[in-house]
Amino acid sequence: MSDNLSFVLRAVEDVAYEQRQIPEISDDQVLVEVKKTGICGSDVHYLVHGRIGDFIVKNPMVLGHESSGIVAKVGPDVKHLKVGDRVAMEPGATCKRCDVCKSGRYELCPDIIFAATPPYDGTLGRYYRLPADLAFPLPNNVSLEDGAMIEPLAVGVHSVSNLGGFRANQSIVVFGCGPVGLLCMAVAKALGAARIIAVDINPARLEFAKGYAATDIHLPPSLEEGETRSAYSRRNAEKMKKDLGIEDRGSKSIDLVIDASGAEISIQTALYVAKSGGVVVQVGMGNPNVTIDIGQLMTKELNYKGSFRYGPGSYPLAISLVAQGKIDLKPLVTHRYAFQDAITAFQATRAGKSEDGKGVIKAIISGPDVSPDAH
């Protein structure tokens, strides 16, 4: 194809289809014809607010970063890929020269070029250019739709395995049953978790989590009149421990807590339910300024870590877990849209449900001229 039709965010609440120039590739790059792209919450946030923190949309920007496709062109130095290969696309190109890149934490590279993060264009077009080492071949039993889901799965791998250090026969609590929370549960299950406890305020999402990967679920109680958030979080934690038989130490304790909600109450509760010496990983982001019980952090010697995207090894492990059948991504894809229906797809993701009332977990947009039924 000689055109590069793209889905462009021009301003807040203003999107349009535009023709963009087909990128030229360098010797170590590949050009990928994008076939499947998942909608991330960050895409919707840019559409609605025009910014996330210090990342501000100042010029028109192509949306999308959860993608897979077929290699359309390879640079002369690329030896491990060929035209026609099906690949998952890791959407963050780093400098590979700075201290953090060299130390194996390239996700912290100050010069990262990350798709659909201002000022860089994303993947919702016909073509996308990226370094060849960020295009990961998909095994025959992993579909292109699965390939698009590898990006959020890599977030789960990074937070649970890389940062959380989760091992077989350990127990985990995950706050938030959205796509990332569910995928964190899936990773824990694939790694041999003894217990996976899902927490959410939405009963329907909890039931989905129970059927997908969780062994137990917890629906927090209602906030009492005049109750502070801190007092509520402590009460919520105590109820959770009592109802689910959680202890501070030993085999009934919680080794790892993942907050994939970003909600202050979830963060506060996480510190109360984690075992002494346990790990809490912050994956979700809401209000950047929250109040926590620093005494819990200190007296329990909790290891509280931030998680930012994914790092070395995240994509290969994510693909391997899917290829081995240890993680099934298909139940998470609830909605599929043609490229010309991208606006409808964003509206459904933003609302949390489509026009027929069906709840959205993950919506996938097919590339130009690609059928939504072609998985």
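Residues are numbered from 1 along each chain as its sequence is written, and side-chain values use heavy atoms, with hydrogens and water left out. Because the model is predicted, local features need pLDDT of at least 70 and side-chain atom pairs count only at pLDDT 80 or more, while totals for chains, interfaces and linings use all residues.

Thr 94 lies in the loop that connects strand 9 (92-93) with helix 2 (99-102); helices (H or I, at least four residues) and strands (E, at least two) are DSSP runs, numbered from the N terminus. With a relative accessible area of 17%, Thr 94 is buried, where buried means under 20% relative accessible area, exposed over 50%, and partly exposed in between (1.4 Å probe, protein chains only). Its contacts (heavy atoms within 4.5 Å), apart from neighbours within four places in sequence, are with Cys 101, Tyr 106, Cys 109 and Ile 112.

A disulfide is a covalent bond between the sulfur atoms of two cysteines, and is assigned here to a pair of cysteine sulfur atoms within 2.5 Å. The structure holds zero disulfides. Cys 95 is in none, and its nearest cysteine sulfur, in Cys 98, is 3.6 Å away. Cys 95 is buried at a relative accessible area of 14%, and Cys 109 is buried at 4%.

On a 1 Å grid over the protein atoms alone, a cavity is a set of points where a 1.4 Å probe fits but cannot get out, and a pocket is an open set with protein on both sides within 12 Å along at least five of seven lines; lining residues have an atom within 4 Å of a point. Grid points are joined across faces, edges and corners, and a volume is the space filled by probe spheres set on the points. The second largest pocket has a volume of about 480 Å³. Its lining comprises 25 residues, of which Ile 113, Asp 121, Tyr 128, Arg 129 and Leu 130 lie nearest the centre. Strand 11 (127-131) and strand 9 each supply at least two lining residues, and strand 11 gives the largest share, five residues.

The structure also holds one cavity of 30 Å³ or more.

In helix 9 (residues 314-323), Ser 314, Tyr 315, Ala 318, Ile 319, Leu 321 and Val 322 are buried. Seen down the helix axis, these residues fall within an arc of 160 degrees (taken from the directions from the axis to the C-beta atoms), so they line one face of helix 9. Their cover includes strand 8 (86-89), strand 12 (135-137), helix 3 (144-163) and helix 4 (179-190). Within helix 4, Val 187 is buried at 1% relative accessibility. Beyond residues up to four places away in sequence, Val 187 touches Leu 153, Gly 156, Val 157, Val 160 and Ile 327.
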